[in-house]
Structures are given as C-alpha cells and as structure tokens.
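Here is a short briefing for a first look at this protein. Keep the sequence and the 3D view open as you read.

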Amino acid sequence: MVDTTVDLCGITLDNPVIPASGTFGYGYEFAQLYDINILGTFSFKGTTKEPRFGNPTPRIAECTAGMINSVGLQNPGVEKVIAEELPRLKSCFSKKVMANVGGFSVDEYVYTAQRLDECDCVGWLEINISCPNVHGGGMSFGTSPSAAAQVTEAVKKRVRKPVIIKLSPNVTDIAAIAEACEAAGADGISLINTLLGMRIDLRTRKPVIANRKGGFSGEAIFPIALRMVNDAASRVKIPVIGIGGVASAENVIEMMLAGATAVEVGAANLVDPFACRDIINALPTVMQKYRIQSLKEIIGECVNG
Ligand code: SIN
C-alpha cells in the first residue's frame with residue numbers, strides 16, 4: 001500500500017489534490033456529482049468583504065490547451081458565504097476547507113480573513129494577492145515584494161489559522177515575492193495564479209474578452225508553473241502549493257518533485273468535473289509505476305540547493 005498523505009501547515013491531507021479556487025464553487029455543486037470527501041481539501045471561490053457582480057461578459061475565451069477568464073471575483077460577499085454557503089458545505093464535506101480571500105485594500109483583506117478565520121470548517125486562509133482581473137486590488141498587491149509583505153503581515157497579526165499567500169506569475173522574480181511573504185510571516189505560498197493573456201476576434205477585430213485581457217490557465221501553462229514552483233521552493237522553507245495546468249496524477253508527482261507539498265487543480269475541473277476524482281484514483285497506480293512508496297518523501301527532490 002502506498003502512502004498518499006501529506007502535511008499542509010500542520011493539517012494532514014489524505015492526498016495532495018486540491019481543487020483550485022474559482023473552479024469548484026463552494027463545493028456543494030460538485031458534491032452532487034461525487035463524494036468530495038475524497039479530496040485532500042478544496043479552495044473555495046475567492047470571497048471579498050462586499051458582494052461582487054463580477055466583470056462584464058464575455059468573460060471567457062477559449063485557447064489552444066487552455067482558456068482565458070476575466071470573472072472579476074464574482075461572489076456573494078463574506079457574510080452570505082458564512083451564513084449560507086458554509087452551512088450547506090458542512091452537509092456534504094467533513095474536512096477542513098481552504099478559504100480563498102480577495103480584497104481591494106489591506107483593511108479589506110484583514111476584515112474578510114478575520115471573519116473566515118472564525119469559522120470552524122476553515123482550515124487555512126489562502127490570501128489571493130494575484131487576481132489579474134480587477135483594478136485597485138488583487139494583483140497590484142502581488143507584484144511588489146513590499147506590498148505582498150504588507151498584506152501578509154497585516155493578516156497574520158489578526159488570525160489564528162495558517163495563512164497561505166497566492167502569488168502572481170506576472171512578475172519578473174516570483175521567488176523574491178515568495179521570500180518577502182515568508183519573511184512577513186506567511187505559513188505557506190501557493191502559485192501560480194493565471195498569466196495575463198488576450199485574444200482578438202478576427203471577424204469583429206475586437207478583443208474577445210469584454211475587459212480586453214484576462215488570466216490564461218490550462219494545460220499549456222504547466223511547464224511555466226512547474227518552473228516557478230521550483231524557483232520559489234528553492235528560496236523558501238515554508239510549504240509551497242503548486243498550481244497551473246495540472247491535469248493528471250503524473251503532473252501532481254512532477255509538481256511535488258519540483259517542491260510542492262500539495263497541488264491545486266484548476267482549469268481541468270472546468271473541462272471535466274470529475275478531473276480531481278480521477279487524478280486521486282490514479283495516484284496509487286502511478287506512484288507504484290515510478291516506485292514511490294510515500295508522496296511525502298519526494299517533495300522537493302528537484303529543488304536546487
Ligand atoms: C477572477 O475571479 O477573476 C479569477 C480569480 C483570480 O484569478 O484570482
């Protein structure tokens with residue numbers, strides 16, 4: 001029997017597979033399809049202090065081996081999430097969930113993180129400083145080491161649960177941002193969020209996405225994500241969650257060799273809602289194929305230095 005368990009900031013996961021925020025709703029929708037308790041955990045839809053309607057449509061553009069989204073952090077707001085979504089989740093998910101927190105100012109990040117920190121079912125706070133689809137927040141905090149550190153420090157001061165900072169790939173040196181978050185007290189980092197991209201419709205000669213640009217994700221970005229996970233894991237000691245183009249058990253193992261303790265699966269859930277279930281089911285066989293007895297033992301095998 002192989003061992004698929006990993007430790008993420010003090011909480012044991014049955015396996016490292018975590019559906020990524022924005023691709024799994026608040027869980028309940030997917031629980032209609034399969035028992036979501038087989039997941040390591042999942043990161044719920046990015047939640048902000050106030051409800052958000054999101055960006056104008058079209059918000060999605062198809063690409064080769066991927067897609068561009070510009071959703072704009074649409075969500076019902078933290079109070080409704082606590083009052084309605086989390087009680088509904090409790091009826092179908094008995095594990096700790098990862099709360100994904102968005103914001104437009106340091107105070108907003110702190111407020112929402114504090115509110116979700118008070119919820120029993122929340123195990124980790126994933127602070128999204130990397131959304132490319134909103135102005136005046138999101139990615140603007142994730143592209144400067146000092147701004148990333150400022151958010152990290154402010155949130156850490158006010159919460160008890162582990163704080164994982166979700167990083168943007170739209171920077172020159174992602175490892176420098178990871179180091180700044182670690183120095184400011186982050187318990188972990190997750191990367192990468194989407195890469196800024198654009199498509200133009202040849203018939204209208206206008207951008208496909210109403211907001212012109214959006215975040216590119218999907219299998220096409222896997223090698224870039226893997227390289228960035230490896231860069232960051234080489235420079236920090238805190239756990240790293242690998243995200244970006246993961247679509248198979250083989251990809252999960254590659255991410256872990258690159259330095260990831262756990263792995264988030266994003267766009268693959270939108271292509272096939274059973275993607276995470278199938279990856280989890282395939283993991284033991286793929287581990288045996290590559291003579292891996294325990295996933296914990298391979299974390300960071302390819303990390304430099
Ligand atoms: C969005 O809601 O626009 C996507 C979230 C993100 O990319 O962080």
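In which loop does Pro 58 lie? Pro 58 sits in the loop between helix H1 (28-31) and strand S4 (60-63). Helices (H or I, at least four residues) and strands (E, at least two) are DSSP runs, numbered from the N terminus.

This is a predicted model, in which local features need pLDDT of at least 70 and side-chain atom pairs count only at pLDDT 80 or more, while totals for chains, interfaces and linings use all residues. Residues are numbered from 1 along each chain as its sequence is written, and side-chain values use heavy atoms, with hydrogens and water left out.

**Confidence**

- The mean pLDDT of the protein is 97, where pLDDT is the predictor's confidence in each residue, from 0 to 100.
- A value of 70 or more is reached by 100% of the residues.

**Backbone exceptions**

- Most residues other than glycine have a negative phi, and most peptide bonds are trans.
- The peptide bond from Thr 57 to Pro 58 is cis, with omega near -5 degrees.
- Leu 191 and Ile 192 are also joined by a cis peptide bond, with omega about 15 degrees. Ile 192 lies in the loop between strand S9 (188-191) and strand S10 (195-197).
- Cys 9 is not a glycine, yet its phi is positive, about 55 degrees. Cys 9 is found in the loop between strand S1 (6-8) and strand S2 (11-13).
- Arg 291 has a positive phi near 55 degrees and lies in the segment after H10.

**A helix pair**

- The axes of helix H3 (residues 106-117) and helix H5 (residues 145-158) come within 9 Å and cross at roughly 35 degrees. Axes are lines fitted to C-alpha atoms, for helices over the stretch in contact, and angles run from 0 to 180 degrees between N-to-C directions.
- The crossing of H3 and H5 is right-handed (the near helix is turned clockwise from the far one by less than a right angle).
- Contact (heavy atoms within 4.5 Å) involves H3 residues including Val 106, Tyr 109 and Asp 117, and H5 residues including Gln 150, Val 151 and Arg 158.
- By class, the contact of H3 with H5 has seven nonpolar, two polar and two charged residues. Ala, Val, Leu, Ile, Met, Phe, Trp, Tyr, Cys and Pro count as nonpolar, Asp, Glu, Lys and Arg as charged, and the others, Gly among them, as polar.

**Pockets**

- On a 1 Å grid over the protein atoms alone, a pocket is an open set of points where a 1.4 Å probe fits, with protein on both sides within 12 Å along at least five of seven lines; lining residues have an atom within 4 Å of a point.
- The largest pocket holds about 670 Å³ of space. Its lining has 36 residues, with Ser 21, Gly 22, Thr 23, Lys 45 and Asn 69 nearest its centre.
- H9 gives the largest share of that lining, three residues.
- The second largest pocket holds about 230 Å³. Of its 16 lining residues, Glu 219, Ala 247, Ala 267, Ala 268 and Val 271 are closest to its centre.
- Volume is the space filled by probe spheres set on the points, with grid points joined across faces, edges and corners.
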